[in-house]
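Have the structure open while you read.

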Amino acid sequence: MIAFGPVPSRRLGRSLGVNNIPDKVCTYACVYCQIGRTLRMEIERRAFYDPELIFREVSEKVNEALERGEEIDYITFVPDGEPTLDVNLGREVDLLRQLGIKLAALTNASLIWREDVREDLLKLDFVSLKVDAVSEALWRKIDRPHKSLSLEKILEGMLEFRKEFRGKLVTETMLIDNVDYGDEFERIAEFLKELKPDTAYIAVPTRPPAEPWVRPAREEVINRAFQAFSKALGEDHVEYLIGYEGNAFAFTGNVEEDLLSITAVHPMREDAVREFLRKANADWSIIEKLIRENKLIELEYEGKKFYMRQLKSRETR
């Protein structure tokens, strides 16, 4: 299936997906990949589907959705492999422009060192780049790249792309358990400070991964990454993608739901929680109850207490 959705996305609103790469041709074999193991590892761009076929299938999906009264915020290249392997990506973007809907791509950025790839991505309104690591050993351990790829060239390519891109740029950093990150978060934060993404997302696997040993990073590790990235970019530019579609600060009048919604996106410091409860005419017993129910977790960082939504995978601990 080339076109699917639209599906809800916290990053993109209502997103209609374009699967322009067959299952599963990729430049990486990430240990956490939720599509499964890479079947064919490639780094040379080539044609996969006829661009006219992609345009027809997406057009049909768009028309079906609009007839049902569904909104589409973005048409997104989010395939079963790496979208920039498709040598016709730029042509497909040009064709889809006719539909009058914003265009996005979620890429692992492994080919962004190529000028032709950057030119194709520059045509989009929204681009998400993967930044799981900036040190060679961790990059190879987590993303398991094609042996001929160079991390240094990839990072340089991202910075080159940023100089020209006028759309919305976000990054995504996937965190997993049983990995010694050492000072990697500070090193990633330094790179992000130079890249200046609109938002740096911190993610964990939420579906079965390619390798059975992979588990989501623990809440303490996620919070540590959040604090390092926030120091570099500012808190408003860092968010969690940890499996909840909670909408930050969407006050509904239900104190528990609102707290869980906010803390699914980023941690709240104790003083912010107390202020929130004061405005809602509620008391601290709500926090104690959510902690007892394994819905909220209390963390400490640099002498301050933070509260975040407990990961789904640990709610039954």
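**Notes on the helices and rings**

1. Helix 8 and helix 10 cross in a right-handed way (the near helix is turned clockwise from the far one by less than a right angle). Their axes, lines fitted to C-alpha atoms over the stretch in contact, come within 11 Å and cross at roughly 65°. Helices here are DSSP runs (H or I, at least four residues) and strands too (E, at least two), numbered from the N terminus.

2. This is a predicted model: local features need pLDDT of at least 70 and side-chain atom pairs 80 or more, while totals for chains, interfaces and linings use all residues. Residues are numbered from 1 along each chain, and side-chain values use heavy atoms, leaving out hydrogens and water.

3. Who touches whom? In helix 8, Val255, Glu256, Leu259 and Leu260 meet Ile286, Ile287, Lys289 and Leu290 of helix 10 (contact means heavy atoms within 4.5 Å).

4. Now look at helix 4 (residues 136-143), where Leu138, Trp139, Ile142 and Asp143 are buried (under 20% relative accessible area, 1.4 Å probe, protein chains only). They pack against strand 7, helix 5 and helix 6. Just after helix 4, Arg144 takes a positive phi of about 45°.

5. On to the rings, which pair if their centres lie within 6.5 Å (stacked under 30 degrees between planes, edge-to-face over 60, tilted for the rest; Trp uses its six-membered ring). There are six aromatic pairs. Tyr74 and Phe126 have centres 5.6 Å apart and planes at 65°, so they are edge-to-face. Phe126 is buried, at 0%.

Technical notes
Axes are lines fitted to C-alpha atoms, for helices over the stretch in contact, and angles run from 0 to 180 degrees between N-to-C directions. Buried means under 20% relative accessible area, exposed over 50%, partly exposed in between (1.4 Å probe, protein chains only).
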